[in-house]
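Subject: Structure handover and notes

Hello,

Here is the structure I said I would pass on. Please open it beside this message, and then read the notes below.

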Amino acid sequence: MITDRACGDILGDHLVRDDLRRPLGTKSVPSPAAHATDMTSASITPRLTTDDDLLGMRLAHRVILRDVTRLRELADRMLADPSSFDRARYAATADYVGLFVASLHHHHNVEDLALWPLITSSAGPHVDFTELTDDHDELDPLLDELGECTRGLPDPAAVAGFARTLRTLSEHLHEHIADEERTVFPLITGHVSADAWQRFEKDAQRGGRADFDLTRFFAVMTEDETERVRRELPLPVRLMVAVFSRRQRRRERAVFG
């Protein structure tokens, strides 16, 4: 039996194999050696990461904001009319929030432990990520608090805490992600090589859950992005995405209706 984690590793390997060793939605770049056979490797300037290469990170941010907004609206409905929620829906909500919290913790850990050092090594030690790291230090306890609240549902105090925490979390996440994209994205495209970015994305995929994370990516893509990505994905990956998407749709119907 293939586990969700194993499927995630398989997906990661497919997405970064030799003919697809690039972020989602970007075109492959010919090897410099194909155009400059007389040049030594030392004289070749590495291609920098482009804005298109950042599609995966943009999608991750879209997914986070979509989910926290939907959960905030759900919590407000739960607070206003608890009789419209049965125990099965409360349980499904707790399970979904558990996945959301784990996914966002993973996202923050990848940034703190891998992305910030990558940018610093590429751009120089003058780059300061203190504010963004401080944001993570504020957000992570809120995520843990959110999980605690869902485990207490449908207790009225837990419902109130769930709604209150989501309001605070939503405000913080919208502000944090806007700040991050404004400050970090130009550093990546200005200093990080495409090869280094591709290695970073491959490593970042290893800790995620494909049945939760990847399927939500497709839900926030534009039509053009979806078409570009589907053209690049090998058939085995497309089949796994189809299976995982059905599972995710059932999961979301149980929570959001």
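Helices here are DSSP runs of H or I with at least four residues, numbered from the N terminus. By that rule, Arg249 lies in helix α9, which covers residues 235–256. Please keep in mind that this is a predicted model.

Overall fold

The protein has nine helices and zero strands. Its pattern along the sequence is therefore written α-α-α-α-α-α-α-α-α. There are 257 residues, and buried residues make up 46% of them. A residue is called buried when its relative accessible area is under 20%, exposed when it is over 50%, and partly exposed in between.

Charged patches on the surface

Arg246, Arg249, Arg250 and Arg253 form a patch of positive charge on the surface. Arg249 has a relative accessible area of 45%, so it counts as partly exposed. The other group is a patch of negative charge on the surface, made of Asp128, Glu131, Asp134, Asp137 and Glu138. Glu138 lies in helix α4. Glu138 also has a relative accessible area of 45% and is partly exposed.

Salt bridges

Side chains of opposite charge can pair when their charged atoms come close. Searching the whole structure gives 15 salt bridges. Some of them are described here.

One of them joins Asp53 and Arg47, with 3.3 Å between the closest N and O atoms. Asp53 is buried, because its relative accessible area is 2%. Arg47 is partly exposed, because its value is 29%.

A second pair is Glu225 and Arg62, whose side chains meet in a salt bridge at 2.9 Å, N to O. Glu225 is in helix α8 (residues 223–232) and Arg62 is in helix α2 (residues 55–80), so this pair ties together parts that are 163 residues apart in sequence. Glu225 counts as buried at 10% relative accessibility, while Arg62 counts as partly exposed at 29%.

Arg251 and Asp211 make another salt bridge, and their closest N and O atoms are 3.1 Å apart. This pair links distant parts of the chain: Arg251 is in helix α9, and Asp211 is in the loop between α6 (194–205) and α7 (213–220), 40 residues away. Are Arg251 and Asp211 buried or exposed? Arg251 counts as buried, because its relative accessibility is 17%. Asp211 counts as buried too, because its relative accessibility is 0%.

There is also a network of salt bridges, which links Arg66, Asp67, Arg70, Asp213, Arg216 and Glu252.

Other contacts between separate parts of the chain

Thr49 sits in the loop between α1 (4–15) and α2. It counts as buried, with 3% relative accessibility. Which backbone oxygen does the side chain of Thr49 reach? It is the backbone oxygen of Ser193, at 3.2 Å.

Leu59 belongs to helix α2. Its relative accessibility is 0%, so Leu59 counts as buried. Leu59 and Phe217 are 158 residues apart along the chain, yet their C-alpha atoms are separated by 5.8 Å.

Pro82 is in the loop between α2 and α3 (87–123). With a relative accessible area of 42%, Pro82 is partly exposed. In sequence, Pro82 and Pro156 are 74 residues apart; in space, their C-alpha atoms are 8.6 Å apart.

A cis peptide bond

Most peptide bonds are trans. Where in this chain is a peptide bond cis? The bond from Leu153 to Pro154 is cis, with omega near 10°. Pro154 is placed in the loop between α4 (130–151) and α5 (156–191).

What to look at

To follow these notes in the viewer, begin with helix α9, where Arg249 lies, and find the positive patch that includes Arg249.

Regards

Key: Residues are numbered from 1 along each chain as its sequence is written. This is a predicted model: local features need pLDDT of at least 70, side-chain atom pairs count only at pLDDT 80 or more; totals for chains, interfaces and linings use all residues. Side-chain values use heavy atoms; hydrogens and water are left out. Patches are made of residues with over 30% relative accessible area and no salt bridge: like charges are joined within 9 Å, nonpolar side chains (Val, Leu, Ile, Met, Phe, Trp, Tyr) within 5 Å. Accessible areas come from the Shrake-Rupley method with a 1.4 Å probe; for residues, only the protein chains shown count as cover. A salt bridge is a side-chain nitrogen of Lys or Arg within 4 Å of a carboxyl oxygen of Asp or Glu. Lys and Arg count as positive and Asp and Glu as negative; His and the chain ends are not counted. The place of a charge is taken as NZ of Lys, CZ of Arg, CG of Asp or CD of Glu. Helices (H or I, at least four residues) and strands (E, at least two) are DSSP runs, numbered from the N terminus. Buried means under 20% relative accessible area, exposed over 50%, partly exposed in between (1.4 Å probe, protein chains only). A polar contact is a pair of N or O atoms within 3.5 Å; within protein, one must be able to donate a hydrogen and the other to accept it, and residues adjacent in sequence count only if both atoms are side-chain atoms.
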